[in-house]
Amino acid sequence: MKAFHPYFLPILISHYQKDADEILAKMDRLYPEIYDSSLASSKNPIDKRLSFSAYFLAMIQCLDEKGESYEQIRQVCLQVAFDFVQPKNGFQRLIKKWPSYFIQTWLGKLLIQNLKKVAEKPGHPDGFVARIITDKNTTHGLGYGIDILECGICKQFQKRNYQRFTSILCEVDHMTTSLAGLDMIRLGTIALGADKCDFKYKIKN
């Protein structure tokens, strides 16, 4: 939990200067209730993101119980996410853009095949199940796309009866994709009622 503090505390202070420490302490108490520690042993690599999303959910619950509006909670979440994904130096900026080029190399294609083997199998009942797409005709020539068939974040939020906030985290995908030098093309998300989250990408011109 403490590893997450540098990304959450500055934003909380900017919005709730007097209550920030109290909110963060409450988030720390809620986190073990939200995050199932058995997810850490999942062999599906996508499940790793559920630890961070659990801390987001802890913050959302705190702010909701504080009486904040949906839009205020959304803005706070997106500010935290923006700070989290932003590269802190030139090297990090380069590393974030590297996957869009690496993915088209022979080694990148090999890693995609390995990802396919593990991501398409459920690693945990509360985790993700995905379908990796490598057909260039359906991935705008990139040779990589992903359909999320079961969303672990949706399951996590639904368990706490906070599913109305799940789509906020869907917005973060646009940030991370842009930093990778890609444009994301997504027709729907499970959080907004679709039967899958379809991620397709194009390299930015």
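Modeller: Let us begin with the sheet, where β2 and β4 run antiparallel and are joined by three bridges. Strands (E, at least two residues) and helices (H or I, at least four residues) are DSSP runs, numbered from the N terminus. Two strands pair if DSSP finds at least two bridges between them. The model is predicted: local features need pLDDT of at least 70, side-chain atom pairs count only at pLDDT 80 or more, and totals for chains, interfaces and linings use all residues. Residues are numbered from 1 along each chain as its sequence is written, and side-chain values use heavy atoms, with hydrogens and water left out.

Biologist: Which residue stands opposite Asp 198 in β4?

Modeller: Opposite Asp 198 of β4 stands Asp 147.

Biologist: In what order do the four strands form the open sheet?

Modeller: The order is β1-β2-β4-β3, and the pairing is antiparallel. At the edges are β1 (129–133) and β3 (182–185), each of which pairs on one side only. Direction ignored, neighbouring strands of this sheet are turned by 20° against each other on average.

Biologist: Which helix lies across β3 and β4?

Modeller: That is helix α8 (residues 166–179), which runs at about 145° to β3.

Biologist: How should I read the packing of two helices, for example α2 and α3?

Modeller: One considers the distance between axes and the angle. The axes of helix α2 (residues 20–34) and α3 come within 8 Å and cross at roughly 125°. Angles under 35 degrees count as roughly parallel, over 145 as roughly antiparallel, 65 to 115 as roughly perpendicular and the rest as oblique. Helices α2 and α3 are therefore oblique to each other. By class, their contact has 13 nonpolar, two polar and three charged residues. Here Ala, Val, Leu, Ile, Met, Phe, Trp, Tyr, Cys and Pro count as nonpolar, Asp, Glu, Lys and Arg as charged, and the others, Gly among them, as polar.

Biologist: What is the handedness with which α2 passes α3?

Modeller: A crossing is left-handed if the near helix is turned anticlockwise from the far one by less than a right angle, and right-handed if clockwise. The crossing of α2 with α3 is right-handed.

Biologist: Which residues of α3 meet α7?

Modeller: Contact means heavy atoms within 4.5 Å. Leu 50, Ser 53, Ala 54, Leu 57 and Ile 60 of α3 meet Gly 152, Ile 153, Gln 156 and Phe 157 of α7. These residues divide into six nonpolar, three polar and no charged. Helix α3 (residues 50–65) and helix α7 (residues 152–159) pack at an angle of about 35°, and their axes are 10 Å apart.

Biologist: Where is Asp 126 found?

Modeller: Asp 126 is in the loop between α6 (106–119) and β1. A polar contact is a pair of N or O atoms within 3.5 Å; within protein, one must be able to donate a hydrogen and the other to accept it, and residues adjacent in sequence count only if both atoms are side-chain atoms. The side chain of Asp 126 makes such a contact with the side chain of Lys 159 (2.9 Å). Leaving aside neighbours within four places in sequence, Asp 126 has contacts that include Asp 36, Leu 50 and Gly 152.

Definitions and conventions:
Axes fitted to C-alpha atoms, helices over the stretch in contact; angles between N-to-C directions.
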